[in-house]
Amino acid sequence: MTYTADTSTSEATDPGADHAGPTPRAPVTDWATDFDHVDPGYAARAPEIWDELRQECPVARSERYGGTWLPVRHTDVCAIAKDTDTFSSNGVVVHDGRPEIPPPVGFAPPITSDPPFHRIAREFLLPAFAPKPIEAKRESTRETCRELLDDLLTGVEAGRTDIVDAALGYTQHIPVRVIADMLGVPRSDGDQFRVFIHRIMEQPGAELKVEYEDSIDFYLDKLIAERAEQPQDDLISHMTHATIAGQPLEHEHVRGTCALLIVAGVDTTWSAIGASLWHMAQHPADRRRWVEDPDVRPFAVEEFLRFYAPVTMARIVAEDAEFAGHSMRANDWVLLPFPAANRDPEAFEDAGEFVIDRMRNRHVAFGLGIHRCLGSNLARMELTVALEEWMARVPDFELADPEGVRWSTGQIRGPRELPVRILNSAATRISGENPVV
Ligand code: HEM
């Protein structure tokens, strides 16, 4: 990455503007020919836009960001994800520039890597995310959720308020604490993680423009240097001392993968938990079913992932290509909206309905092909435990202010502010025990 102090563009160049929200861009005039995935209108009504585009295009085109495509059919999204020759992963977050580190390695291996390097970059991470080590984290994750709920519900249980923010007080902290423990960094660095994530995922290009001392690269360079000197039992040390064919990993590789784990491990899961609670707040029958029928919970978790899939990735067209009747130019961006594929009526019965006990549910929330999510075991465990603990403690709740719910913009979609009114947490208060898990 390069860092400049250039303040001449309209992009957020002032580090102090990190929390200011997305950079204003021209409003979208037509979703089929001028879409912008960071437009607030897209965050607000993406599923309707996908439905309209499926009828109208179904591969939308925009001149923004130097040329961007948006396929919305399940079949197109899957075909692009599988065709790694035509569609390179060298850039996965759309912005005005183009990636500086060339294929096949890219900025954040393995997600930005193409074959054959991709396999090497992915393989040495696999053991840490396999089912057994992730299962071993279930109880500590449960403990984290309980501690957060204790703090969040203090005011409610003392009778001072009946409104809490489920995103600010609960969902955003769970994946931060889990990934901080895995990387071996203090949990208190969570606020810093969220600043990096916000810049990388919600303000296209902003992370490239901050001063080095304020950047995620600086944060990670320091940690990697410390672990090189004094290895610990954590992922940063594992990567710092790993070898490929007898050679240590390049520093940029280690740093890029650490950055990836922070972004991929936090924003995604935080969004999935938040969207699930947003749904539960509005659907008393689904709340009741979850509480009364433990057997439905694994199906419910998959349906939350299908219906509220948070992650849209991107590809770069490697060379001029024809796709679904369109001429795509080398270096065009292609957004890969896995959430849109999950709502395609050609692929799912009653695709637009949330069916808590859906049996056939081969959703693509975790992507597909060689880049399929490496953290899916961890994500499923965190989502399940977070919901189990919330629903055990707060079986009845509703949106306190539907207009006050703030959704993220950009490629990861989920509620960032979620005020809810607690209707009943009495059972937990009286017995002090967990009544339904
Ligand atoms: C609900 C939560 C999550 C969702 C929906 C999700 C979704 C995805 C998707 C769609 C991809 C494919 C990207 C592509 O095709 O370009 C992906 C890749 C990846 N995810 Fe996740 N993810 C989640 C949680 C996590 C967690 C908790 C971690 C680990 C800390 C993680 C680590 C990764 C990594 C390392 C990759 C890159 C894999 C590769 O390129 O081989 N994800 N994720």
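1. In this predicted model, three strands come together as an open sheet with the order β4-β14-β11, and the pairing within this sheet is antiparallel. Its edges are formed by β4 (163–165) and β11 (396–399), each of which pairs on one side only. Neighbouring strands of this sheet are turned against each other by 40° on average, if direction is ignored.

2. Looking at one pair from this sheet, β4 and β14 (residues 419–424) run antiparallel and are joined by 3 bridges.

3. Another open sheet has 5 strands in the order β1-β2-β10-β7-β3, and here the pairing is mixed. The edge strands are β1 (59–62) and β3 (87–88), each pairing on one side only. Helix α3 (residues 74–82) packs on this sheet and touches β1, β2, β3, β7 (312–317) and β10 (333–337), while the direction of α3 makes about 120° with that of β10.

4. Which residues come nearest to the ligand? Of the 28 residues around the ligand, these are Gly 265, Gly 367, Cys 373, Gly 375 and Ala 379. The elements that give two or more residues to this shell are α13 (251–282) and α17 (376–393), and α13 gives the most, with 7 residues. Sorted by class, the shell holds 20 nonpolar, 7 polar and 1 charged residues.

Key:
Residues numbered from 1 in each chain as written. Predicted model: local features only at pLDDT ≥ 70, side-chain atom pairs only at ≥ 80, totals over all residues. Near = placed C-beta within 6 Å. Helix = DSSP H or I, 4+ residues; strand = E, 2+ residues; numbered from the N terminus. Nonpolar A, V, L, I, M, F, W, Y, C, P; charged D, E, K, R; others polar. Pairing = 2+ DSSP bridges. Contact = placed C-beta atoms within 7 Å. Axes fitted to C-alpha atoms, helices over the stretch in contact; angles between N-to-C directions.
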